[in-house]
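Subject: Structure for you to look at

Dear colleague,

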Amino acid sequence: MPSTTTETVKPVAHEVVLIEGDGIGPEIAAAVRLIFEAAAAPVRWTPAIAGGRAFAAGVATGVPAETVDAIERARLVLKAPLETPVGHGGKSANVTLRKLFEMYANIRPVKELAGITTPFSGRGIDMVIVRENVEDLYAGIEHMQTPDTAQALKLITRRGSAKIARAAYELARREGRSRVTAVHKANILKLTEGLFKRTVEAVGAGYPDITTDHMIVDACAHKLVVAPEQIDVAVMTNMNGDILSDLAAGLVGGLGLAASANVGDHAAMFEAVHGSAPDIAGRGLANPTAFLQAGLMLLRHLGEARAAARIEAALALTLSEGRVLTGDLARGKVEAASTMAFAEAVAANLERVDPAALPEVAAPVGADAAAAPASAPTPTPSPTLPDRITVTTRDDVGFDLFFEVENADPAELGAEITALAEGSPFRLKHLSNRGTAIWPGAASRTELTPHWRARFVRRADAAAGFDDAAALALIGKVGARHRWMHVEKLLVTDGADGFSRDQGEA
């Protein structure tokens, strides 16, 4: 006789690496674990360390090998805030994690939260900022070129720009959004930010169902303050995204409530946006809302839409009723609750959530379906662009040489460098200082520093092609008189200059 016993089948638990982090990290991690357990969220935690504890143990990167191995296996991370050396010391462990696993898409939802009142409440703010996460100035390639002149290299690639553009358009399509805005500074940085803008527009051509427009980054900052409800999906380079995503978070309650996803093709990491707040660590004062929201993004990425919606509804009840709030939200209206008391209130409110009101499905948050588990919905295949641009002609027509000279007279320096170039296939076109052409030309009021650039171009009567030996010989001649520190070839492809011109350059 068949059994009439009905067995409850437990969902398969997803392995997730949990990095409790530094400062208030362990407290907010404990709060989120309590809520997840109360909601029976199908997650199995694998503890790991990074950040301050790793630096203290002598791990220069802040990310131990054991943590890297755990992430390689699980491919999913929920990370609390980490301590980062400021102005000195090692690299940021946060950036190291993103770059080790090529988590190229940083996704920051910006939406009004129930129970949180701000000057922008009721404006209908509901946007997503998609930030390229591994290129730009965050490549961290810096040099002291002279004792008082520092250089940072801003690296933008077509491939990286195409990947983040596709992430933005796929997110817009999954969430039923209608517009993607490329935010840039291409009016000034015509090569780097210009490449980003052009690539986003090229990718956007493959999404006729989504409107593509563009906005200069300073204009976007203005728009976020005066009309934030007009922004839908905004995609931008790394530093622009870092700044504007924090600005946008301030519109809906601040960094203490904001979460983000860092997603690539091989791993996804979810985190609170705020810092480790060491001044209040261990005192039970921290608000775990941002870290809980990161956990909800994780659940949706896993395809666990109903579990995420249930917890989100319980959080909304807790915030809206306003009886149990941490000190940052209580602000004297009610007695401030501890971190764990707030978490317990959210957990208790899970029982008050109406299951019939929960959504049935939700798309995974992420840049690529390959990073999501098999249970997550698969996004529509996106158009692709070639990784490399095919060009018909390319020619190195000269080179820029950066060198150091104290208290130089421009006319004398120009004559000296011109004489050194005599007999070589290159001539000195001009000298510049901090991006302004100084010689030859009219007198300039530009304040001169010891940091100079000489632009050498191939003479009209020189043989075609770039003569490496002659260039090195000329660099040697300049170097015998002045310390040089950097050289760049001047590339022309299909007749288009691949280098910027100085202010005032003829």
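This is a predicted model: local features need pLDDT of at least 70, side-chain atom pairs count only at pLDDT 80 or more; totals for chains, interfaces and linings use all residues.

Residues are numbered from 1 along each chain as its sequence is written, and side-chain values use heavy atoms, with hydrogens and water left out.

Helices (H or I, at least four residues) and strands (E, at least two) are DSSP runs, numbered from the N terminus, and two strands pair if DSSP finds at least two bridges between them. Strand E4, residues 105–111, has five of its seven residues buried (under 20% relative accessible area, with exposed over 50% and partly exposed in between; 1.4 Å probe, protein chains only). E4 pairs antiparallel with strand E5 (residues 126–132) over seven bridges, where Lys111 stands opposite Asp126. Three bridges also join E4 to strand E11 (residues 259–263), again in the antiparallel sense, with Val263 as the bridge partner of Ala105.

Elsewhere, six strands form an open antiparallel sheet in the order E15-E14-E16-E13-E17-E18, with E15 (436–439) and E18 (496–497) as the edge strands, each pairing on one side only. Within this sheet, E13 (residues 394–404) and E17 (residues 483–493) are joined by ten antiparallel bridges, and Phe403 has Trp484 in E17 as its bridge partner. Helix H14 (residues 468–479) packs on the sheet, touching E13, E14, E16 and E17 (contact means heavy atoms within 4.5 Å), and its direction makes about 15° with that of E13; axes are lines fitted to C-alpha atoms, for helices over the stretch in contact, and angles run from 0 to 180 degrees between N-to-C directions.

Best wishes
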